[in-house]
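Please consult the sequence and the structure shown below while reading.

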Amino acid sequence: MRRALFLGFLLPLLISAQKLFPPLRIVGNLYYVGDNDLASYLVVTPRGDILINTGFAYSVPEIQSRVRALGFRLKDIKILLVTHAHSDHAAGEAKIKKLTGARMFAMREEVELLETGGKTDYLFGSSGWFPPVKVDRALEDGEKIELGGFIITAYLHPGHTKGSTSFAMEIAEAGQTYRVLIANLGNINEGTALLDNPKYPNIIQDYARTFQAQKELPCDIFLTSHSAQFGLLSKWRPGAVYDPNRFVDPAGYIRAVARTESRYLLQLQEERSEEQAWKDHLKFKPVIPQ
Ligand SMILES: [Zn+2]
């Protein structure tokens, strides 16, 4: 009991003393400003900056601190992008938009989800809401976003949400050009039905389309919405010297896409055999108890 009281007193102090996960430079003008799980990226250009993903609402002051620690200013952010509109990546968008006056660009198929704060989500529609954010420009698959001479291409990779988006860019550094891909992997959240999903009738085709499209995209530097998906902490440790080559991982990208696709195929197979078992069961006449 006394120990519990002591810990209860100490815990807030311990939490506030915890160090903020440090920001890092990935390559050229691309920086990581997320935490040890939720990935956020800052693209710096001479005409202002672009922020991709905000994490939860509590992530916003943390991102602000990281941007400052890198020597940049939050108010220089002009464009907001998101890999998909779930609360762990989009809940801070409204707040950052208010703080910076930046414009929110999003894939056309993701606009409704962002503007309803997650209420139209096919899986999390009755929970997992986040502050709605107004979208200023709807993007089409393959559309280019330009700021300060820098170009980011947005690709529609649906399934995880209807408008999930990957972002591709080329960054030159020390005579080398890196093809960078922030991929929204086709992970399937628990509770998702692939077969006969009335809230997302095209889910099977959309996931299949995403895996195909991702296999065709070139990628030298592989990044994702969650840092563990690309192995941030196996490639980099706080205090490590800047070296973009540590993130070059085309094989890791191919493996990650193959892994998510095989999980999808397995779930599809399981759902189909379950459905078949049910149909077979219906063929039998019910036994009427005597
Ligand atoms: Zn998600």
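The quantity pLDDT is the predictor's confidence in each residue, on a scale from 0 to 100. The model examined here is predicted, and its average pLDDT is 93. A score of at least 70 is reached by 92% of the residues. Over residues 1-17, by contrast, pLDDT stays under 50, and the model has 0 contacts beyond four places in sequence for this segment. Where pLDDT is low, the predicted coordinates should not be read in detail.

An open sheet is formed by 7 strands in the order 1-2-3-4-5-6-7, with mixed pairing. Its edges are strand 1 (24-27) and strand 7 (137-139); each has a single partner strand, so one side of each is left without a neighbour in the sheet. On average, neighbouring strands of this sheet are turned by 25° against each other, direction ignored.

Within the sheet, strand 2 and strand 3 pair in the antiparallel sense, and Tyr31 stands opposite Leu42 in strand 3. Helix 4 (residues 93-100) lies across strand 4 (48-52), strand 5 (77-81) and strand 6 (103-107). The direction of helix 4 is at about 165° to strand 5.

**Antiparallel strand pairs**

Strand 8 and strand 9 also run antiparallel.

| Strand | Partner strand | Bridges |
|---|---|---|
| Strand 2 (residues 30-32) | Strand 3 (residues 41-45) | 3 bridges |
| Strand 8 (residues 143-147) | Strand 9 (residues 150-156) | 5 bridges |

In the second pair, Ile145 stands opposite Ile152 in strand 9. The hairpin of strand 8 and strand 9 has 2 residues between the strands, and Gly148 takes a positive phi near 55° there.

**Packing of helix 6 and helix 9**

How do helix 6 (residues 203-216) and helix 9 (residues 250-283) lie relative to each other, and at what angle do their axes cross? Their axes come within 10 Å and cross at roughly 155°. Because angles over 145 degrees count as roughly antiparallel, helix 6 is roughly antiparallel to helix 9. The crossing of helix 6 past helix 9 is left-handed.

On the helix 6 side, the contact involves Ile204, Tyr207, Phe211, Gln214 and Lys215. These residues meet Val257, Glu261, Tyr264 and Leu268 in helix 9. By class, this contact of helix 6 with helix 9 comprises 6 nonpolar, 1 polar and 2 charged residues.

Conventions: Residues numbered from 1 in each chain as written. Predicted model: local features only at pLDDT ≥ 70, side-chain atom pairs only at ≥ 80, totals over all residues. Pairing = 2+ DSSP bridges. Helix = DSSP H or I, 4+ residues; strand = E, 2+ residues; numbered from the N terminus. Axes fitted to C-alpha atoms, helices over the stretch in contact; angles between N-to-C directions. Contact = placed C-beta atoms within 7 Å. Parallel < 35°, antiparallel > 145°, perpendicular 65-115°, else oblique. Left-handed = near helix turned anticlockwise from the far one by under 90°. Nonpolar A, V, L, I, M, F, W, Y, C, P; charged D, E, K, R; others polar.
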